[in-house]
Amino acid sequence: NIDIQSAGAEVMANTVPANYDNQYFGAAGISLETSTGRVLAITQNTNFSETIQGDQAYTALVFGTDKAHGGSNGFSVGSTYKLFTLIDWLEEGHSVRETLNGTNRVFTKFKCGDDGIRNSTKIQNFNNAGGYTGTVMKFTADSLNSGYLAMAEKLDICKINAVADRMGVTLANGGKTTDDSPAPYDILGPKYISPLAMAGAYATVANGGIYCTPKSIDRVVDAEGNDLPIPESSCSQVISPEVAATAAFALQGVM
């Protein structure tokens, strides 16, 4: 969609420099049509070149996609990964109105299946905030690390990573979100994932729980106008409409 593409490129150019002190300073923007997975826009802060060396304002990497579709290693996705703890929380029958002790401390009661996960580290909140006792709605609006760690203690880290897998998320290197040994900090987003994959997961929430594989090509024809094969895409219900609606309700607090 050229209107969305042009607007995205303009905002990117006005917001994020292509080069910051000659260091990699990657930024990417993805817009998807939620009901189909069609890629409406894909932008990044750098200029394209396969030949210029030494100037980080130029690259041939496609930051928005993964290793197989443009050479990128993805981004450490940070708190956007909290979506999957929220989804698992709801699927396990919990409420966004439930109140938990989200004050920051060393959280120790994590598990994966029947196995406990050891943790002896105090994981900090943004700006070393102390946290508070509050609801999941409030934790989500504030993106409170300690609040989400308190939620994860009542859940299963492996199931949280499996939710991401179910919602179409793969690691940028092609691996699965469930491949690595589970760790408490998984819920805070250290995994390297493409922006396109994360956009697809959030689009699933907006689409009533239906995940559509991202689709960048509508049609290709040959010189005679005959249609050529294109990569197949599909849509499937991966979370219930009720869970999707409740997650969307909670996420409004972020905005």
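Tutor: A cavity is a set of grid points where a 1.4 Å probe fits but cannot get out. The structure discussed here is a predicted model.

Student: How many such cavities of 30 Å³ or more does the structure hold, and how much space lies in the largest cavity?

Tutor: The structure holds 1 cavity of 30 Å³ or more. About 30 Å³ of space lies in the largest cavity.

Student: What makes a residue part of the lining, and which residues line the largest cavity?

Tutor: A lining residue has an atom within 4 Å of a point of the cavity. For the largest cavity these residues are Leu 32, Glu 33, Thr 34, Gly 37, Gly 200, Ala 203, Thr 204, Ile 210 and Cys 212. Two elements, helix H6 (195-206) and E11, each give two or more residues to this lining. H6 gives the most, with 3 residues.

Student: Why is Ser 72 called buried?

Tutor: The term buried applies under 20% relative accessible area. Ser 72 has a relative accessible area of 4%, and is therefore buried. Ser 72 lies in the loop between strand E4 (58-59) and strand E5 (75-76).

Student: Which residues does Ser 72 touch, not counting those up to four places away in sequence?

Tutor: With that exclusion, Ser 72 touches Leu 61, Val 62, Phe 63, Thr 65, Asp 66, Lys 67 and Ala 172. A contact here requires heavy atoms within 4.5 Å.

Student: Why is Leu 228 called partly exposed?

Tutor: Partly exposed covers the range between the buried limit of 20% and the exposed limit of 50%. The relative accessible area of Leu 228 is 38%, so Leu 228 is partly exposed. This residue is found in the loop between strand E11 (210-212) and strand E12 (235-237). Together with Ile 217 and Val 220, Leu 228 forms a nonpolar patch on the surface, with about 200 Å² of accessible area together.

Student: What makes the pair Lys 138 and Asp 142 a salt bridge?

Tutor: The rule asks for a side-chain nitrogen of Lys or Arg within 4 Å of a carboxyl oxygen of Asp or Glu. The closest N and O atoms of Lys 138 and Asp 142 are 3.3 Å apart, and the pair forms a salt bridge. By this rule the count comes to 9 salt bridges.

Student: Why are Lys 138 and Asp 142 separated by about one helical turn?

Tutor: Lys 138 and Asp 142 are separated by about one helical turn because they are 4 residues apart in helix H3 (residues 136-142). Lys 138 is partly exposed at 41% relative accessible area, and Asp 142 is partly exposed at 38%.

Student: Are Lys 191 and Asp 180, whose side chains meet in a salt bridge, buried or partly exposed?

Tutor: Lys 191 has 6% relative accessibility and therefore counts as buried. Asp 180 has 42% relative accessibility and so counts as partly exposed. Their salt bridge is 3.4 Å, N to O. Lys 191 and Asp 180 are 11 residues apart, both in the loop between helix H5 (157-166) and strand E10 (192-193).

Student: How do you know that Lys 215 and Asp 218 form a salt bridge?

Tutor: The limit is 4 Å between nitrogen and carboxyl oxygen. The closest N and O atoms of Lys 215 and Asp 218 are 3.8 Å apart, and the pair forms a salt bridge. Salt bridges that share partners join Glu 33, Arg 38, Lys 215 and Asp 218 into one network. Lys 215 is partly exposed at 22% relative accessible area, and Asp 218 is partly exposed at 43%.

Terms used: Residues numbered from 1 in each chain as written. Predicted model: local features only at pLDDT ≥ 70, side-chain atom pairs only at ≥ 80, totals over all residues. Heavy atoms only, no water. Buried < 20%, exposed > 50% of the residue type's maximum accessible area, 1.4 Å probe, protein only. Patch = residues over 30% accessible without salt bridge, like charges linked within 9 Å, V, L, I, M, F, W, Y side chains within 5 Å. Areas by Shrake-Rupley, 256 points an atom, 1.4 Å probe, with all protein chains shown as cover. 1 Å grid on protein atoms, 1.4 Å probe; cavity = no way out; pocket = protein on both sides within 12 Å on 5 of 7 lines; lining within 4 Å. Points joined across faces, edges and corners; volume = space filled by probe spheres on them.
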